[in-house]
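Dear colleague,

I am passing on the structure below, together with some notes on what turned up when I went through it. Please read them alongside the coordinates.

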Amino acid sequence: MAILQFMQSGRDRVAVPTTVHCDHLVQARVGADSDLQDALNESNEVYQFLESSSRRYGMGFWRPGSGIIHQVVLEKYAFPGSLIIGTDSHTVNGGGLGSLAIGVGGADAADVMAGLPWEVRYPRIIGVKLTGSMSGWTAPKDVIIKLAYELTVSGGTNAIIEYFGPGTASISATGKGTICNMGAELGATGDVFPYDERMATYLRATGRGDLVAIAEEYVHLLQSDPEVEQQPEQFYDQIVEIDLSTLEPHVTGPHSPDRARPISELAAEVQREGFPERVSVALVGSCTNSSYEDMERCADVARQAAARGVSAASGLLVTPGSEQVRATIERDGQQAALEAIGATVLANACGPCIGQWNRPEARGTENSIVTSYNRNFPSRNDGNAGTMNFIASPELAVAMGLGGSLAFNPLTDPLVDANGNEFMLQPPTAAPEVPPTGFDPGVDMYVEPPEDGSDVDVRVDPSSNRLQVLDPWAPWDGNDFEDVPILVKTEGKTTTDSISPAGPWLRFRGHLNNLSDNMFLGANNAYTDETGTGKNQLSGEEIMPIPEIARAYSAQGIRWVAIGDENYGEGSSREHAALSPRMLGAAAIITRSFARIHESNLKKQGLLPLTFEDPSDWDRILEDDRMSLVGLSDLTPGQPVQAVLKHADGSEETLNLRHTLNDPQIAWFRAGSAMNHMKNLEGAGS
């Protein structure tokens, strides 16, 4: 979708170094080879579009199976002091190498690709002081799970999380990446670690040793200033301290990445809350935890079990993060060790982490899984709202898969071997952070763009149901939005997965019209107390899928508004959660508060993201109300928008709605989108 938007800019070549990664359309079914071939067969036209457009516009192209974008970026592109944007919220993974790596929406990326400045709200700075060092079962994953518990899923919104203190040097570069990766779960704009020798080790191991000398020459720019270390309270807006030496392994979930507790407290909570105790599947890997170090620690646990004749009591799925990781763990034996206890190795792609998991046996059932992933919202992994995802370190996930129970704590509980004897798993031994004999790059899947791609045809079949060339949105007509209906009022957690569900819908991510049939299908409607349905205010039909109602309004030229709750749009930076409402007639999205990326996405599409001046006004919006947004011709930064509510009983009331639009963003609204505005400027010769 970023490329489809960029194609509207009229440029012949991207303005900044850009790469394309095909990691989302490979569905986990049987195993790596079969699943990858199925994806190549089923999504061939999408891959042809991505490769041809990459060659046409000068972008590097990583073929399907090459790996998950964030792991590949860590291996190839991130370096200390760089600024990186990526069209996925977990771009922040690059902070493990000292990059300021920030997740954005596709429209932001398209703007940068077209040479426009990139805007982001000036962030707060949260300092996380790390002391001590980890040992035993404690892993980098536990640092970020603990921090998510402390800050919650919205605690990092519009903030950079900066790690400092003596404990930072005790963590490998890929361990730092694991911690930064889940900064997205706190809503953080970005995360960053100071440069140290652990980063130098990883840079050398990944063929970028020349960067080490440069980093060390400018190390004063890549580490905390001495006064910050000495008096951090003077420099940070908020400080959290974590002692790595006393940090216990943690597990978080289900249904929210901040629902965390030490593993010692999990068994009691499972009983108290009635969570399904049996672990149906343990899943390790993903962009968050698929480093060589992670895989070796998992393999150590697996070897202990295999030596006693024990296999996993649950299913066990392993996702290498890249072709380089896959080839190396195959060469060095970690893959074989995991397969010996029953693991299935999946393709080098996102797979179950982002909803690409074909799991028909779980439909309609309550079950528990343990993963080393980063996100665990309902229906996130397999499309089944009854699947409860508990997130832990990869080695803890393997151990709990061996025990087969959420109540199993490898720190205190024994397993029973093939001879009926009890034995304790030992904490995984210290694993090398990079392979002692170097990485095996595996199969080369990178396609370098030509110097001049002007003769390359971008492949889009006009009759395709997977790809659709975008038409520009109509500009604002200069009138207020009068008497528009309320399409839906979402209650509770409304993520981008809720607004634009993944799973089977991912195949339509390049065809906006088809994809928009999923709009709000995962959102809980406060008016119906059901998911994905609402009332058609024109026909009076009580229960209809929300996208059908929106299409009915749009067919009659009627705009509408949607009402949201706190931290609306958290989660994946799914562009489509803004594009689909725009396509189906939204005028504004009005919430108690927004997640950063989603608010930006809405602005880019010419929509009005508004928040209640008084959050309790959310309760005043009734299902059959009509709303007028007035005075829009005088829309001004920092000045509220007035909303006039007309209730069915004839009464009216006026609410103040805040916005964060600046002057250029107001120009986007008037032009119909940011891309329209850019073309208007170019047309005027600016």
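With which side chain does the side chain of Q334 make a polar contact? In this predicted model, the partner is the side chain of E296, at 3.0 Å. Q334 belongs to helix α14, which covers residues 334–339, and with a relative accessible area of 1% Q334 counts as buried, because the cut-off for that class is under 20%. Apart from neighbours within four places in sequence, the residues in contact with Q334 are Y292, M295, E296, A299, R303, T328 and I329.

Helix α12 spans residues 292–307, and its 16 residues reach 22 Å from the first C-alpha to the last, close to the 22 Å expected at 1.5 Å a residue. Of these 16 residues, 13 are buried, so α12 is largely enclosed by the rest of the structure. After α12 comes G309, with a positive phi near 75°.

Helix α4 (residues 69–76) is likewise largely enclosed by the rest of the structure, since seven of its eight residues are buried. Those buried residues are I69, H70, Q71, V72, V73, L74 and E75, and the elements that cover them include the strands β1 (19–21), β2 (60–62) and β3 (83–86), as well as the helices α7 (173–181), α8 (197–205) and α13 (323–332).

Most residues other than glycine have a negative phi, and most peptide bonds are trans. The peptide bond from G253 to P254, however, is cis, with omega near 5°, and P254 sits in the loop between β9 (250–252) and β10 (260–262). S286, in the loop between β11 (279–285) and α12, has a positive phi near 85° and is buried, with a relative accessible area of 1%. S379, in the loop between β14 (367–371) and β15 (387–391), also has a positive phi, near 70°, but S379 is partly exposed, with a relative accessible area of 31%.

With best regards

Notes
Residues numbered from 1 in each chain as written. Predicted model: local features only at pLDDT ≥ 70, side-chain atom pairs only at ≥ 80, totals over all residues. Heavy atoms only, no water. Helix = DSSP H or I, 4+ residues; strand = E, 2+ residues; numbered from the N terminus. Buried < 20%, exposed > 50% of the residue type's maximum accessible area, 1.4 Å probe, protein only. Polar contact = N/O pair within 3.5 Å; in protein donor to acceptor, adjacent residues only side chain to side chain. Contact = heavy atoms within 4.5 Å. Expected span 1.5 Å × (residues − 1).
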